[in-house]
Amino acid sequence: MAVKPTTCKEAIARWEKKTGENATEAKVIELQFQWPPIEKMDGALSTLVACEKLSLSSNMIDKIVGIAGMRSLKILSLGRNYIKSLAGIETVSETLEELWISYNQIDKLKGIGVMKVLRVLYMSNNVVKEWAEFNRLQECPSLRDVMFIGNPICDNQPDVETWRTQASNRLQQITKLDGIPILRDTD
């Protein structure tokens, strides 16, 4: 018999029971490593109106939905899931400062341009292959820290220095790439 996935509502209820906190008032909510795993984000997440940091990493989520009501969300952690696109992230574009989405299956960055306050993008080990997709990050004026190692676009460069030079030239606004500060000529 197949195990029924955990719903967001069930995961939130478990979290409340474990922490003794009210999820609608909590600033940090951790729903990572659920067993059985969460497969779908849903509207129950929109009840988390005070939440500033939400972790849903290490589940089996395939798309970003149900977060439109999260009007305080600053950090969203979705690493180690099955997410294929950034569709749905635009609903938190006014507040989201950090998106941790490494180890997923994202190949396109369509829609990232609406993220005007996004400062940190941890997106290593996805499947971005083309510079045209990487260049979409130019549309994020606040972006400073990008983790992109482990994507085919990086692996296809002759060496790490070529990757760093290409990436930092394309994203003039960033100050850190793959965990290492970018040194720029200031003359």
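Reader: What is the strand order of the open sheet of 8 strands?

Author: In this predicted model, local features need pLDDT of at least 70, side-chain atom pairs count only at pLDDT 80 or more, and totals for chains, interfaces and linings use all residues. Residues are numbered from 1 along each chain as its sequence is written, and side-chain values use heavy atoms, without hydrogens and water. Strands are DSSP runs of E with at least two residues, helices are runs of H or I with at least four, both numbered from the N terminus, and two strands pair if DSSP finds at least two bridges between them. The pairing is mixed, and the order is E1-E2-E3-E4-E5-E6-E7-E8.

Reader: Which are the edge strands?

Author: An edge strand here pairs on one side only. The two are strand E1 (28-30) and strand E8 (180-181).

Reader: Which residue in E6 is the bridge partner of Val120?

Author: Strand E5 (residues 120-122) and strand E6 (residues 145-147) pair in the parallel sense over 3 bridges. In E6, the partner of Val120 is Asp145.

Reader: How many residues apart in sequence are the parts that the pair Glu52 and Lys27 ties together?

Author: The side chains of Glu52 and Lys27 form a salt bridge at 3.7 Å, N to O; the term requires a side-chain nitrogen of Lys or Arg within 4 Å of a carboxyl oxygen of Asp or Glu. Glu52 lies in the loop between E1 and strand E2 (53-55) and Lys27 in the loop between helix H1 (8-19) and E1, so the separation of the parts tied together is 25 residues.
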